[in-house]
Amino acid sequence: NAAKGVFKDKDGKFTINGEPDLKMAQSIMFSDEYDQTINKINTPVEKFNKLVNQRISERTEAAISSTEITMLALSCSVAVLFIILFCGLWMLLRKIVKPVQMCSEYAKQVSEGMLDLSKPTLSVCKDNELGILCSSMGIMVANLRDRIAEAERQKESANLEATNAAV
């Protein structure tokens, strides 16, 4: 204020205007009293800044810890999801794909003339489509065997009659 030409009145308020006094301003600025006053003002500010920094550090560490726990939980969840997915695929292969492959192989063998096979033994329920397919294929092969056996009996009977008729 001395550099601006503003001085204290008798009540200690800066209300008196006058000529700027640069020497007085310099002596105030570089005095021990000024340094003590600045230190007195800065001490609570520095203490406040220290407390703020400490609180920020604590909250940051808590947030990092919470994030690490969340990431661990997420990783475990993803691992469990992959295990469930793997088990689901394994069940799909075991319960659907493998029985269909077995029925397909059985049908291929029957188409090649292998009628002496028993029906495919599948670990499928009789009430579902694969169980019905398996049973139907077994019945179809048994009916084909019976018809072939009947045709062979009729052929032998016809050959025997033809032989008897020729004699």
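**Terms and the values behind them**

Author: V78 is partly exposed, with a relative accessible area of 36%. This is a predicted model, in which local features need pLDDT of at least 70 and side-chain atom pairs count only at pLDDT 80 or more, while totals for chains, interfaces and linings use all residues. Residues are numbered from 1 along each chain as its sequence is written, and side-chain values use heavy atoms, with hydrogens and water left out.

Reader: Why is V78 called partly exposed?

Author: Buried means under 20% relative accessible area, exposed means over 50%, and partly exposed lies in between (1.4 Å probe, protein chains only). V78 has a relative accessible area of 36%, and is therefore partly exposed. V78 lies in helix α2, residues 32–111; helices (H or I, at least four residues) and strands (E, at least two) are DSSP runs, numbered from the N terminus.

Reader: How do you know that C134 is buried?

Author: The relative accessible area of C134 is 6%, and the limit for buried is under 20%; C134 is therefore buried. The place of this residue is in helix α3.

Reader: What makes up the largest nonpolar core?

Author: The core has 7 residues in all: C103, Y106, V110, L115, C134, M137 and V141. Helices α2 and α3 (129–166) are the elements that give two or more residues to this core. A nonpolar core is a set of buried Ala, Val, Leu, Ile, Met, Phe, Trp, Tyr and Cys residues joined through side-chain atoms within 4.5 Å. V110 touches L115 and V141, not counting residues up to four places away in sequence; contact means heavy atoms within 4.5 Å.

Reader: Why is the pairing of R153 with E150 called a salt bridge?

Author: A salt bridge is a side-chain nitrogen of Lys or Arg within 4 Å of a carboxyl oxygen of Asp or Glu. The closest N and O atoms of R153 and E150 are 2.8 Å apart, so the pair meets the definition. Both residues lie in helix α3, 3 residues apart, about one turn of the helix. The structure holds 1 salt bridge.

Reader: What makes β1 and β2 a pair of strands?

Author: Two strands pair if DSSP finds at least two bridges between them. Here 3 bridges join β1 (residues 6–8) to β2 (residues 14–17), so the two strands are paired. They run antiparallel, and F7 stands opposite I16 in β2. The strands form a hairpin with 5 residues between them.
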